[in-house]
Amino acid sequence: MASAGRVRIRKTYKLFVGGAFPRSESGRAYPVKDARGDVLAQAARASRKDLRDAIRSARGAFRSWSEKTAYNRGQILYRVAELLEGRRAQFEEEIARSGGRKPARELDAAIDRWVWYAGWCDKVHHVMGTVNPVAGPYFVFTIPEPTGVVGIVAPDEPALLGLVSRLAPAIVSGNTAVVLASETKPLPAVTLAEVLATSDVPPGVVNVLTGLRSELVPHLAGHMDVNAIDVTGVPREMRADTEKLAAENVKRVVFAKSDESPYEITAFTEMKTVWHPMGA
Amino acid sequence: MGTIRKRTSSGASAPSKRGAIVPASPFAYAPAPESRGIVKIKDRYGLFIGGRFVEPRSKRHFETISPSTEEVLSVVADAGEEDVDRAVAAARTAYAKTWRALPGRERAKYLYRIARALQERAREFAVLETLDGGKPIKESRDVDVPLAAAHFFYYAGWADKLDWAFPNRRPRPLGVAGQVIPWNFPLLMAAWKIAPALACGNTVVLKPAETTPLTALLLAEVLQEVDLPPGVVNVVTGAGRTGAALVAHPDVNKVAFTGSTDVGKAIARSIAGSGKRLTLELGGKAANILFSDAPIDQAVEGVINGIFFNQGHVCCAGSRLLVQEPLLPVLIAKLKDRLQTLRVGDPLDKNTDVGAINSRMQLGKIEELVQSGIDEGAEIYQPECTLPAKGFFFKPTLFLGVSQSHRIAREEIFGPVLSVLTFRTPEEAVEKANNTAYGLSAGIWTEKGSRILWMAQRLRAGVVWANTFNRFDPSSPFGGYKESGFGREGGLHGLEAYLAFEQGAGRG
């Protein structure tokens, strides 16, 4: 609570790329408004170049993130929940300003969901992997592996919980992500980026862009170094064109089917099968 | 062949230096042809719709030939849009009226019957597959047909256990599946598609490849024999436009395609935004990686099998051989020797190792890419062998001195052509193996267990064979990373593509 008479310091909402917080290279911003139409802040309006930078940084971070032990990734993601809890006041305020009706409940759910997914890091293989009883002298197993760089078009609502519900299952298995935050409600996403930046999540694992979907989604969908795209937040009228562009490099097209499920994790994974002969 | 201009002098015309140990004519094999009398091919085939063979409303037919002799085997219906529509309607009716409501236990029994019928008529299917597609009889007899039967048998057992495969998810079928399959494993691909679809309670419209429709039509006869309810499986023969009409049909809920990456992308575009479920099993350019400590003789057999199995018409073929540098001289000598002993020729001969190229078109594609290899400076080697005067044949081919940028190292040739590259360290092998838009399969040959697992973890491919290659089993998932497609066929994972689950809020 600010003292009477003190002028409050306002936050500049920027992009989150490769662990840093740049403005858009285009120098553009757009006003974020509340339900009444009052301007809450100017958000960075990311360009195609910003998107390419974000994808490059996600690709760069993929190897080390995916090669960490599942236990280590689980701890790092759990740490994010710890920090979210510590920033309750700020998130509640931003959820409320973004039109969330029950900010405390949404935040509780977002933190709990993050913890729920963090715990899957070293369990998803048990539940989704198999040992295959082939008709021959071979030992054969199948395990989920991250698909690579994932583009996530976050839904508008709920502003924080909706993003967490898509981002957490994507990165649990070792994918890295480029998030297009909600166009109308991007503020909680930027603040989540600040939490990620001060947790132990390595730079580039999550990149967050704010801006116009009409400008960014086609380039994300058509980019040749993105392996999967989550279209949960893509407006209906843009879905067909987005999927057409995604076909260019056979991207996996993913959308939310449930709030919490290990199948939301494997939607962003590949199943790898390994064969080896058995013999004395 | 003979149209290939040779820029390099080594190879094709000169027998290998160790040629002395190669069996020469005194040891030649006597012909051992499989009788084709077991198969009765009809003069003319209609479409299989609603449990009956019907004339196409398109009134169009096309010839299917034997690629090994170029003789016309039969005349097959060319389904038009109206025919596809009829087939989808039959599948929809069967879904709504019989199949969806049939308990899993009962669905299973039909699948078991199909498996048994395939086993009973195995020889007939094998001979027909070889006649229509050109693959060696020993492969259709020992691989294609037994595996097709095994797929039906395996998925039969899942039909009444889906709730155990996906606990708490309330699995239910999707509806009508439109399935488009390729010409390299015609019956086996039909089995891969139909068995899981039916086990999960869906009905099917299957579009076999234009050059290999006959075993799918014989399978349709089997489906009649086992009293599968009419319309549960329909077979529409035709070319690309028949397939395009099928996948674009508004009443198809699920599209499954196996074939080229280009067509796969076109299908993905054509159904974009429709909400149809899609699985794609596309092309590949697999690296088969040989370390210096590999069990060399086993490895040579694995390399040969990896690329010459089914004339290299295999999406997961080991078409890029990565050899650790110290091993190269020994390996090349052994490979050349082994190539010389491959028997190329009549696919119906039980001794034949390499049969006919599936079509004139595919032969042309192989020749074009092989020519590019020569033009780009790689060194070609082909064994001495006589190809039959008629039919489509291509000599088993090695390319040495191939670099990463060569077309023969990047593009899928889908023929009996192996590109040999080298590497020094495991890191370099991984780097080179992954340097492709594809990601279907990979092979690793080394006696060092820890290296196998290290490599297997880093190779971006859906199937990794260590100290073996080209192994398939219905219980083992198959499918690609990257532009080799998405979704898995086989195993528990193969069910997921044919089921919908409880959606919405909550822990689904």
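Mentor: Start on the outward side of helix 2 of chain A: the face turned away from its buried side carries the exposed residues Tyr71(A) and Gly86(A). Keep in mind that this is a predicted model.

Trainee: OK, and which residues of helix 2 of chain A are buried?

Mentor: Arg73(A), Ile76(A), Leu77(A), Val80(A), Ala81(A) and Leu84(A). Looking down the helix axis, these buried residues fall within an arc of 150°, so they line one face of helix 2 of chain A.

Trainee: What covers those buried residues of helix 2 of chain A?

Mentor: The cover includes other helices of chain A: helix 3 (88-97), helix 4 (103-118), helix 6 (159-172) and helix 7 (187-198).

Trainee: How far does helix 2 of chain A reach from its first C-alpha to its last?

Mentor: It runs over residues 70-86, which is 17 residues, and reaches 25 Å.

Trainee: What radius of gyration does chain A have, next to that of a compact globule?

Mentor: A compact globule with 280 residues would have a value near 19 Å, and chain A has 20 Å, which agrees. The C-alpha trace of chain A spans about 85 × 40 × 30 Å along its principal axes.

Trainee: And the contacts in chain A between residues at least 6 apart in sequence: what share join residues at least 24 apart?

Mentor: The share is 75%.

Trainee: Now the two chains. How many residues of chain A are in contact with chain B?

Mentor: On the chain A side there are 30 residues, in contact with 38 residues of chain B. Strand 4 (138-146), helix 9 (236-246) and strand 10 (269-277) of chain A are the elements giving two or more residues to that side. Strand 10 of chain A gives the most, with eight residues.

Trainee: What classes of residue make up the side of chain A that touches chain B?

Mentor: Twelve are nonpolar, eight polar and ten charged.

Trainee: Switching to chain B, what does its domain assignment give?

Mentor: The assignment gives domain 1 of chain B as 44-282 + 484-500, and domain 2 as 284-478. Their C-alpha centres lie 29 Å apart. Across the boundary, 27 residues of domain 1 of chain B are in contact with 29 residues of domain 2 of chain B.

Trainee: Which helix gives the most to the side of domain 1 of chain B that touches domain 2 of chain B?

Mentor: Helix 4 of chain B, with seven residues. By class, that side of domain 1 of chain B has seven nonpolar, 13 polar and seven charged residues.

Trainee: One last residue. Where does Arg100(B) lie?

Mentor: In the loop between helix 1 (81-99) and helix 2 (104-120) of chain B. Arg100(B) counts as partly exposed because it has 15 C-beta neighbours inside 10 Å, and a residue needs 20 or more to be buried.

Trainee: Leaving aside neighbours within four places in sequence, what is Arg100(B) in contact with?

Mentor: Tyr95(B), Pro173(B) and Gly201(B). As for Asp293(B), 193 residues away along the chain, its C-alpha atom is separated from that of Arg100(B) by 54 Å.

Methods: Residues are numbered from 1 along each chain as its sequence is written. Chains are lettered from A and ligands numbered from 1 in the order in which they are written. This is a predicted model: local features need pLDDT of at least 70, side-chain atom pairs count only at pLDDT 80 or more; totals for chains, interfaces and linings use all residues. Helices (H or I, at least four residues) and strands (E, at least two) are DSSP runs, numbered from the N terminus. The expected span of a helix is 1.5 Å times one less than its number of residues. A residue is buried if 20 or more other C-beta atoms lie within 10 Å of its own, exposed if 12 or fewer, and partly exposed in between; C-beta atoms are placed from the backbone. The arc is that of the directions from the helix axis to the C-beta atoms. Two residues are in contact if their C-beta atoms, placed from the backbone, lie within 7 Å. The radius of gyration is taken over C-alpha atoms; the globule rule is 2.2 Å times the number of residues to the power 0.38. Domain bounds come from an automatic or database domain assignment. Ala, Val, Leu, Ile, Met, Phe, Trp, Tyr, Cys and Pro count as nonpolar, Asp, Glu, Lys and Arg as charged, and the others, Gly among them, as polar.
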